[in-house]
Amino acid sequence: MSAESGDDASAVVGLTTGALARRLGVSPTTLRSWDRRYGLGPAVRSQGRHRRWDPRDVAMAEEMCRLTATGAPPAEAARVARLRFGTPGGATAPAASGTVSAAAYRPGGAGSGLPLGDVRQECRGLARAAVRLDAPELEQRLVEAVGRYGLERTWEELMVPTLRAVGRKWESSGDRYVEVEHLLSWHVSSTLRSVPLLLPRTAPRVGAPPVVLACTPGEQHTLPLEALTAALGERGVPTRTLGAAVPAEALLACVRRTGPVAVVLWSQTRSTASTPLARHVAGLEWGPSGARRRPVVLPAGPGWDRRAGAGFPHCSGLRDAVATLSGLYGDDSGAGHTQPS
């Protein structure tokens, strides 16, 4: 609709500040602050206090979000957004000089509506894209992060903090934000599975026994196992990843059939951590008498407290787990390992 249609028509088609804030994943206060400080507000204002954001205003606010999410100072981001889309309503705003730069960490800045805390600035960009349900932006940011920082750093410093923030928001908001968590999880999973195409990897260890990765019975959180699978694949470690809520019988059958060098059991909560199952897996043996083999069992995840994980190796995170499991192969990738009968 053209500007000649008048204020009333613009009020019908334009977005309110609250609606735009939800769309962008920022707070209404942030939008009002951008308007007051940088002249980045709606072009059309109806009588009274109602303000409507037309498509050009929305595009400018989206550009502001994109630039601040990459670490640009807000004043500089506003200047660039105005240059690209035009100053709304002919308003003037404080001029800013310099170039747009990326900052590694910034605890402040425009919020995403999610409880992120002091995290990498890229987490804020991911959070905003997730709240907006902007799938192409999520995919682009995740792929670029893996290429720039590598898998392990991207997982620990970007993916995990953003996933946790979305999870906390979901828990505190009733039924809201479920779609945000699902979309973010889907794209994180897709990125992890694409790692062999995004990063160089060591040649697979031909003939070496695998590492079996499985969630404990009843456990549905698979992303940490997907991250570990991808990280081990980078190092040529063979894996057999079984996924969510693996029944005990199925896990034991897999161990007996594949003769793994190690078994990773993921538990997100205490209710799914099963010490008896871990001990049972650790007690499995195969091979001829005098050369019997047993798998190393690695309980992983916050569900394994000190008591539940007592007597097993402990890893503090993805990098520690990768180092521990890779170290089981040594220079000889499992030579002499006997497959179970």
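## Basis of the model

Because the model is predicted, local features need pLDDT of at least 70 and side-chain atom pairs count only at pLDDT 80 or more, while totals for chains, interfaces and linings use all residues. Residues are numbered from 1 along each chain as its sequence is written, and side-chain values use heavy atoms, with hydrogens and water left out.

## Overall content

The protein has 14 helices and 6 strands. Here helices (H or I, at least four residues) and strands (E, at least two) are DSSP runs, numbered from the N terminus.

Of the 341 residues in the protein, 48% are buried. Buried means under 20% relative accessible area, exposed means over 50%, and partly exposed lies in between, with a 1.4 Å probe and protein chains only. A contact means heavy atoms within 4.5 Å. Among the contacts with a separation of 6 or more, 70% are between residues 24 or more positions apart.

## The open sheet

Strands of a sheet pair through backbone hydrogen bonds, either parallel or antiparallel. Two strands are taken to pair if DSSP finds at least two bridges between them. In this protein, 4 strands form an open sheet in the order 4-3-5-6, and the pairing is parallel. Strand 4 (239–243) and strand 6 are the edge strands, each pairing on one side only. On average, neighbouring strands of this sheet are turned by 15° against each other, direction ignored.

The pairings can be followed across the sheet. Strand 4 and strand 3 are parallel and share 4 bridges, and Val 211 has Thr 239 in strand 4 as its bridge partner. Helix 12 (residues 248–258) packs on the sheet, where it touches strand 3, strand 4 and strand 5. The direction of helix 12 makes about 175° with that of strand 3. Such angles run from 0 to 180 degrees between N-to-C directions, and axes are lines fitted to C-alpha atoms, for helices over the stretch in contact.

## Strand 5

Strand 5 (residues 262–266) is mostly covered, with 5 of its 5 residues buried. Ala 262, Val 264 and Trp 266 point one way from the strand, whereas Val 263 and Leu 265 point the other way.

Strand 5 runs parallel to strand 3 (residues 211–215), and 5 bridges join the two. In this pair, Val 212 stands opposite Val 263. Strand 5 also pairs with strand 6 (residues 296–300), in the parallel sense and over 5 bridges. There, Leu 265 has Pro 299 of strand 6 as its bridge partner.

## A helix pair

The axes of helix 11 (residues 223–234) and helix 14 (residues 318–327) come within 10 Å and cross at roughly 50°. The two helices are therefore oblique to each other. Angles under 35 degrees count as roughly parallel, over 145 as roughly antiparallel, 65 to 115 as roughly perpendicular, and the rest as oblique. The crossing of helix 11 and helix 14 is right-handed: the near helix is turned clockwise from the far one by less than a right angle.

Helix 11 contributes Ala 227, Leu 228, Ala 231 and Leu 232 to the contact, and helix 14 contributes Leu 318, Ala 321, Val 322, Leu 325 and Ser 326. These residues divide into 8 nonpolar, 1 polar and no charged. Ala, Val, Leu, Ile, Met, Phe, Trp, Tyr, Cys and Pro count as nonpolar, Asp, Glu, Lys and Arg as charged, and the others, Gly among them, as polar.

## Residues in loops

Thr 272 is found in the loop between strand 5 and helix 13 (275–282). Thr 272 is buried, with a relative accessible area of 11%. Leaving aside neighbours within four places in sequence, Thr 272 is in contact with Thr 216, Pro 217, Gly 218, Glu 219 and Ser 267. Ser 194 lies in the loop between helix 9 (178–193) and helix 10 (195–198) and is partly exposed at 27% relative accessibility. Ser 194 and Ala 230 are 36 residues apart in sequence, and their C-alpha atoms are 8.6 Å apart in space.

Most residues other than glycine have a negative phi. Leu 133, which is not a glycine, has a positive phi of about 60°. Leu 133 lies in the loop between helix 6 (121–131) and helix 7 (135–149) and is partly exposed at 43% relative accessibility. Ala 245 also has a positive phi, near 45°. Ala 245 is in the loop between strand 4 and helix 12, and is partly exposed with a relative accessible area of 24%.
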